[in-house]
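Visitor: Please guide me through this model, one question at a time.

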Amino acid sequence: MTEQTEQTAHVEQAEGAGQPVAPVVRRVDARHRYEILVDDERAGLTAYRDRGDRRVFFHTEVDDAYAGQGLASILVEQALNDVRATGMRIVPVCPYVAKFLKKHEEFADITDVVTPEVLQWLDGELGR
């Protein structure tokens, strides 16, 4: 979406007073995460590290102020759709992502199991 298009979308939303703005998910490669924005404020994130053609998700959180709105599910679903679109595979170290994948079998074809080797690699990446 171009900057002009985003501005137009905000103007149109403002004219429809009283209607909530749909959350927006964006990938922030420099910070290795996807963020979900509500009214241009970051409401949550799911963090990853890439290992070859695998995107290893290791942490998901939604700020308390936005809890109970289904934002984690929206965030993870859009992140996983992005992984599919880029031709990568998913490794669900994050418990929330793993739980989401059990309910959404449409991602089974691009999901790999978490192995001790992946966990050891991740610990090294994160300096733990």
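Visitor: At what angle do the axes of H2 and H3 cross?

Guide: This is a predicted model, in which local features need pLDDT of at least 70 and side-chain atom pairs count only at pLDDT 80 or more, while totals for chains, interfaces and linings use all residues. Residues are numbered from 1 along each chain as its sequence is written, and side-chain values use heavy atoms, leaving out hydrogens and water. Helices (H or I, at least four residues) and strands (E, at least two) are DSSP runs numbered from the N terminus, and axes are lines fitted to C-alpha atoms, for helices over the stretch in contact, with angles from 0 to 180 degrees between N-to-C directions. The axes of H2 and H3 come within 11 Å, and they cross at roughly 80°.

Visitor: Is H2 roughly parallel or roughly perpendicular to H3?

Guide: Angles under 35 degrees count as roughly parallel, over 145 as roughly antiparallel, 65 to 115 as roughly perpendicular and the rest as oblique. Because the crossing is at roughly 80°, H2 is, relative to H3, roughly perpendicular.

Visitor: Which residues of H3 make the contact with H2?

Guide: Contact means heavy atoms within 4.5 Å. H2 contributes Ala72, Ser73, Val76, Glu77 and Leu80. From H3 come Tyr96, Val97, Phe100 and Leu101.

Visitor: With which side chain does threonine 60 form a polar contact?

Guide: Threonine 60 lies in strand S4 and is buried, with a relative accessible area of 16%. A polar contact is a pair of N or O atoms within 3.5 Å; within protein, one must be able to donate a hydrogen and the other to accept it, and residues adjacent in sequence count only if both atoms are side-chain atoms. At 2.7 Å, the side chain of threonine 60 is joined to that of threonine 46.

Key
Buried < 20%, exposed > 50% of the residue type's maximum accessible area, 1.4 Å probe, protein only.
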